[in-house]
Number of protein chains: 2
Amino acid sequence: MTSKSIKIISAEVVDLRVPTSDHLLGSDPFHKQPDYSSAVLYLETDAGLSGTSVVFTVGAGTDWICHGIRDLAQLVVGTTLDDFSSAPIGLYRRLVDHHQLRWLHDGVFRMAAGAVLNAMWDLWAKSVGKPLWKLLVDLDPEFIADCIDWRNISDALTRDEAIGILRERGPGIEQRERELTQRGPKAYCTAGWLGLSDAEILATIRKLQGQGFDSFKLKVGLDSEQDVERIRFMREAIGPACNLMVDANQYWGIEEAKCHIERYTPFGLKWIEEPIARDDVLGYIELAETFASADFGFACGEHAASPVIFKQLLKSGAIQYCQIDAVRVAGVNDVMAIILMAAKFGVPVCPHGGGIALCNMIQHYGMWDQIAVSGQSSTQLIEYIDFLQDELEHPVRVRDGCYEAPTAAGWGLEFRPEFIELHRFPEGNVWSSREPARTGALFEVLNESQAR
Amino acid sequence: MTSKSIKIISAEVVDLRVPTSDHLLGSDPFHKQPDYSSAVLYLETDAGLSGTSVVFTVGAGTDWICHGIRDLAQLVVGTTLDDFSSAPIGLYRRLVDHHQLRWLHDGVFRMAAGAVLNAMWDLWAKSVGKPLWKLLVDLDPEFIADCIDWRNISDALTRDEAIGILRERGPGIEQRERELTQRGPKAYCTAGWLGLSDAEILATIRKLQGQGFDSFKLKVGLDSEQDVERIRFMREAIGPACNLMVDANQYWGIEEAKCHIERYTPFGLKWIEEPIARDDVLGYIELAETFASADFGFACGEHAASPVIFKQLLKSGAIQYCQIDAVRVAGVNDVMAIILMAAKFGVPVCPHGGGIALCNMIQHYGMWDQIAVSGQSSTQLIEYIDFLQDELEHPVRVRDGCYEAPTAAGWGLEFRPEFIELHRFPEGNVWSSREPARTGALFEVLNESQAR
């Protein structure tokens, strides 16, 4: 069966939420009680295959994204896989440049557009029996260049430069593919969550070290004293040779960030993640200049809402680590552009993982980047967390501190059906039995500043 | 009745769409067939007053914003006006910093949050019988400063500096208020829509000149030859003393923008509006440096999605005209911050109008800015269009090229009930009689690039 005959006949969207706030998993200064959630899209076809994608969120608001995906999915129901795969930029433009919807900008709109695009990429990879990364590795440089919207980024990277980068990586590509399928991209893990005690953090570190990890992250932001103590504690626990990174989740203003970060200089940190607002390009430039002689770099991207923001951060040298996210921008097409820009400016791609199933997606980008774009693995690190992996048919796996290369066709985003049924919001059993404060009106955490 | 006893008892949200695409009104290179639309929020109270706000959009996607407003409105139903008016930052934080919803970012989320905030400001102004601008003018500098989220903007403007600016404008405030209530903020109008013939444009200019206008705008972007001819034609039609501005609606990349703009230098333009992407701060800086010796400035803001983007554009000197929008950011609170930043950096506030009822809102910001913040009117220009004003109970009016100061309490956003009923989407008579291509699946305009 050729892809031409595969037709999308319907779209199902599931609002999937897991009550992780019961245990404060993944909480940070802003996201005080996240319920890890996902807008899950299934594009059903007449060939028995299903194109699947997820958009990770943290609870309330998942319905906003589901609403958007349902609306946009109308644009692909009735089309064929070949309509898409012959030139993916066509669907990208129909979505992102829709003459009325583009008014909605980034955020919910771009995330919903990404969901539709990612499901089509999934379907394509499944139809040819390849993991997503392998589909990308096997595409011609010109074809990849034609998937990208160049309008607003050509000042940083032209189409010809992108093709040049990909061609330059051609020699040796088979060997890198062999190596990375044997030992996948290197991973790192957050060991220092805000709510944990020193003893709990130490136990986490030792467990991760037993799995071969040598790179660890720590949440900071609220209290400078405590943060410094915790950084010192973790540095001593892991020794001077391991990588230690801190993440402030955008909690500071620029001047505040400088005060906090100044105190971090003695600890040999690898990076400071999201010190300030996600869209403050000039702020990142200022921080990079202020700490130009420090031995750490700045990292962000998980909340960068468009390739234009990435373009500015990369072109200006403001960030030293490019943390692509799998579901914040408009799917594979946008992420390919960002990874190519990072390669041009020599900034390591260190994708953001976690949440629900993000690691399952970013491992494909890590593979593609390290095999075909940057063409090297020495500076790249991919975030890893084992959360909820038992609920997926193709869980991510690590060995010796590295991802195992994914082998399932597509993204490998299939959840166990029982898991989906149980966590549908608000009708799944996990939610229908809860008090209305968690499911009825918006679930609020009132603290002093919020409660006035 | 004091405000304390006014309680919000319910919220109604209307998806209102006008089939303006029948006549290509408001079309530009990206928004090919806009249907001017509005998500209209009514917060009903137990006091007979209703807090009203609108979010302007261009057709499809209005339902996305309605969905969001309905969700967020849960946070105010059951609260009192006094809960809000005693410290508006409280509701701002409950919305914008909601610990789960903030994941949704700008775009749909911030616009929906703005709708709720603006409706509460409307209710407050109505409860004290003042137009919105007068409510703002009468607030203490400290109170205004306390309405603003300073976390991400203090590097550009501190709370103390904002209070200082407002205090400095104190002397003379009564006189400026008297003057501006007699002769409101100066207006300008777009005469050069893309689809119009030279004769039609000339007729429009003569009509506007008859109404006292001396400042005119022209849409450009698609074809450099035609654009230059049109600019020349308009400059000759209006003479050298009038203001002429061009608007490219983000259509160009940076290098492309330079080529186009280079050809505009001989025509004495006042500003070039939105030459490049809405979030390309470094691009705006580059354009400002490239054309530093030109006699025009750059303008943008209508699509700037957050105060952080405005902060960067203002602080860096990248834009010479600050085009606040009334519904893109999170309501009065965000716009106050932006107007105060513009005042600090000496950038004229020239709000974006048009659409449905935007002019009705921005006239209040223009009044507040010119009376109490910048404290002067000589460099400020407010966009004006008379579209749909007959459908409002308190239409905006111009006289001698200036807005007439609004006198109705609140924003003055009340539509005629018949207009609302007729244009509800998709059940109103205007829509229910139409072919499904316009109301069923997403309304698409396929051209060569989009249709692949």
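**Briefing: sheets, helices and selected residues of a two-chain predicted model**

In chain A the end C-alpha atoms of residues 198-294 lie 27 Å apart, and the span is 48% helix and 13% strand, where helices (H or I, at least four residues) and strands (E, at least two) are DSSP runs numbered from the N terminus. The UniProt record (unreviewed entry) places the feature "domain: Mandelate racemase/muconate lactonizing enzyme C-terminal" at residues 198-294 of chain A; UniProt positions are given in the numbering used here, feature names are shortened, and annotations may be inferred rather than shown by experiment. This is a predicted model, in which local features need pLDDT of at least 70 and side-chain atom pairs count only at pLDDT 80 or more, while totals for chains, interfaces and linings use all residues. Residues are numbered from 1 along each chain as its sequence is written, chains are lettered from A and ligands numbered from 1 in the order in which they are written, and side-chain values use heavy atoms, with hydrogens and water left out.

**Parallel sheet of chain A**

- An open sheet of 7 strands in chain A has the order β9-β8-β7-β6-β5-β4-β10, with parallel pairing; two strands pair if DSSP finds at least two bridges between them.
- At the edges of this sheet stand β9 (321-322) and β10 (382-383) of chain A, and because each has a single partner strand, one side of each is left without a neighbour in the sheet.
- Within chain A, strand β6 (residues 243-247) and strand β7 (residues 271-273) pair in the parallel sense over 3 bridges, and Asp247(A) has Glu273(A) in β7(A) as its bridge partner.
- Helix α10 (residues 224-238) of chain A lies across β4 (187-192), β5 (215-219) and β6 of chain A, running at about 165 degrees to β5(A); axes are lines fitted to C-alpha atoms, for helices over the stretch in contact, and angles run from 0 to 180 degrees between N-to-C directions.

**Helix pair α9 and α10 of chain A**

- Helix α9 (residues 198-210) of chain A packs with α10(A) at an angle of about 35 degrees, their axes being 11 Å apart.
- On the α9(A) side the contact is made by Asp198(A), Ile201(A), Leu202(A), Ile205(A), Arg206(A) and Gln209(A), and on the α10(A) side by Arg230(A), Phe233(A), Met234(A), Ala237(A) and Ile238(A), contact meaning heavy atoms within 4.5 Å.

**Antiparallel sheet of chain A**

- A further open sheet in chain A consists of 3 strands in the order β1-β2-β3, and the pairing is antiparallel.
- Its edges are β1 (8-17) and β3 (50-57) of chain A, each with a single partner strand, so one side of each is left without a neighbour in the sheet.
- The twist from one strand to the next averages 15 degrees.
- Strand β2 (residues 37-45) of chain A is joined to β3(A) by 8 bridges, the two running antiparallel, and Leu43(A) stands opposite Gly51(A) in β3(A).
- Helix α1 (residues 62-73) of chain A packs on the sheet and touches β1, β2 and β3 of chain A, its direction making about 175 degrees with that of β1(A).
- Helix α4 (residues 108-127) of chain A also packs on the sheet, touching β1, β2 and β3 of chain A, and its direction makes about 145 degrees with that of β3(A).

**Nonpolar core and a buried asparagine**

- The largest nonpolar core has 321 residues, and those with the most contacts inside it are Trp121(A), Trp368(A), Trp121(B), Trp368(B) and Phe415(B); such a core is a set of buried Ala, Val, Leu, Ile, Met, Phe, Trp, Tyr and Cys residues joined through side-chain atoms within 4.5 Å.
- Leaving aside neighbours within four places in sequence, Trp121(B) is in contact with residues including Phe84(B), Leu132(B), Cys147(B), Asn333(B) and Met336(B).
- Asn360(B), found in helix α15 (residues 358-373) of chain B, is buried, with a relative accessible area of 0%; buried means under 20% relative accessible area, exposed over 50%, and partly exposed in between (1.4 Å probe, protein chains only).
- Not counting residues up to four places away in sequence, Asn360(B) touches several residues, among them Gln389(B), His394(B), Trp411(B) and Leu413(B).

**Backbone features**

- The peptide bond from Phe425(A) to Pro426(A) is cis, with omega near 0 degrees, and Pro426(A) is found in the loop between α16 (417-423) and α17 (429-432) of chain A.
- In chain B, a cis peptide bond joins Phe425(B) and Pro426(B), with omega about 0 degrees.
- Leu388(B), a residue other than glycine, has a positive phi near 65 degrees and counts as buried at 15% relative accessibility.
- Asp400(B) has a positive phi of about 55 degrees although it is not a glycine, and Asp400(B) is partly exposed, with a relative accessible area of 48%.
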